[in-house]
Amino acid sequence: MRNILLSAATALLAGTTLVGSVHSAELPKGAAHNIVLVHGAFVDQTSWQPVAEILTKKGYNVMLVENPLTSLAADVDATKQALAKHEGKTVLVGHSWGGVVITQAGNDPKVSALVYVSAFAPDVGQSLATLAKSGPATEGTAAIHPDDKGNLYIDPKVFPSAVAADLPPKIAESLANHQLPLNHTAFEAPVDTAAWRDKPTFYVISTKDKVIAPEVQKLFAAGMKAQTTEVAGSHASLVVHAKEVAAVIEKASLAK
């Protein structure tokens with residue numbers, strides 16, 4: 001999985017010019033220097049690599065959380081461990097399932113802002129299962145099935161078109177065949193904290209998403225009173241539209 005996503009990142013960043021380095025770049029006055037990126041289900045932390053490359057070269061201290069995907073509590077714990085390694089203001093960012101994680105973990109006093117990227121955004125008492133049932137069925141959610149151990153996967157035949165239609169076909173197919181499962185207990189666990197209620201919040205809406213319907217993303221953003229940015233991308237917009245996503249995170253780093 002790591003090699004597949006790094007290949008995608010390399011291919012997509014090949015035509016991008018990044019100026020400056022972590023040693024020479026100066027961040028805007030008052031900006032949060034730390035960025036913690038939380039990945040979604042079925043992929044690993046390297047899905048954030050294109051965004052991380054951009055932000056690191058601009059001088060931000062970026063950390064990719066490696067979610068075990070075994071339970072909500074385990075993923076929240078992994079995220080809090082990442083936050084504990086930083087000093088000072090930190091922007092916490094989540095993609096897809098990662099939105100549930102940052103909603104719960106984002107009450108950490110170090111977190112100065114939250115960024116949701118094509119992400120679920122529950123309120124207190126809501127789970128991923130609750131949100132999935134309340135919104136319109138999509139090609140992606142309809143293709144999620146459990147195996148005999150209770151682990152959830154997206155049908156590999158549906159994954160490329162539903163999740164990563166704007167990635168190169170071979171990479172999308174490889175991702176489909178090397179998914180990291182999400183345990184069903186994570187799917188069913190409700191959050192007991194909604195950090196977005198007390199933090200500046202931003203949302204990147206993917207207008208071609210076939211996992212979380214764009215209209216549902218807009219409802220999430222409106223419910224959180226989040227500042228929104230739209231990108232014409234699939235559920236994999238964090239890879240395909242890395243520059244736009246990174247720009248939103250930079251904006252969030254200045255939130256007060």
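1. A friendly note to start with the annotation: the UniProt record, an unreviewed entry, lists residues 35–247 as "domain: AB hydrolase-1". What you have here is a predicted model.

2. Helix α2 covers residues 49–57 and helix α12 covers residues 242–252. Their axes are 9 Å apart and the packing angle is about 55 degrees, which makes α2 oblique to α12. The crossing of these two helices is right-handed.

3. By class, the contact of α2 with α12 has 8 nonpolar residues, 2 charged and no polar ones.

4. Another pair is α3 with α4. Helix α3 runs through residues 72–84 and helix α4 through residues 98–105. The two axes come within 9 Å and cross at roughly 65 degrees. Here, α3 passes α4 in a right-handed crossing.

5. For the residues behind this second contact, look on α3 at L72, D75, V76, T79, K80 and L83. On α4, the partners are V100, V101, Q104 and A105. The contact of α3 with α4 divides into 6 nonpolar, 2 polar and 2 charged residues.

Definitions and conventions: Residues numbered from 1 in each chain as written. Predicted model: local features only at pLDDT ≥ 70, side-chain atom pairs only at ≥ 80, totals over all residues. Heavy atoms only, no water. Axes fitted to C-alpha atoms, helices over the stretch in contact; angles between N-to-C directions. Helix = DSSP H or I, 4+ residues; strand = E, 2+ residues; numbered from the N terminus. Left-handed = near helix turned anticlockwise from the far one by under 90°. Contact = heavy atoms within 4.5 Å. Nonpolar A, V, L, I, M, F, W, Y, C, P; charged D, E, K, R; others polar. UniProt positions renumbered as here; feature names shortened; annotations may be inferred. Parallel < 35°, antiparallel > 145°, perpendicular 65-115°, else oblique.
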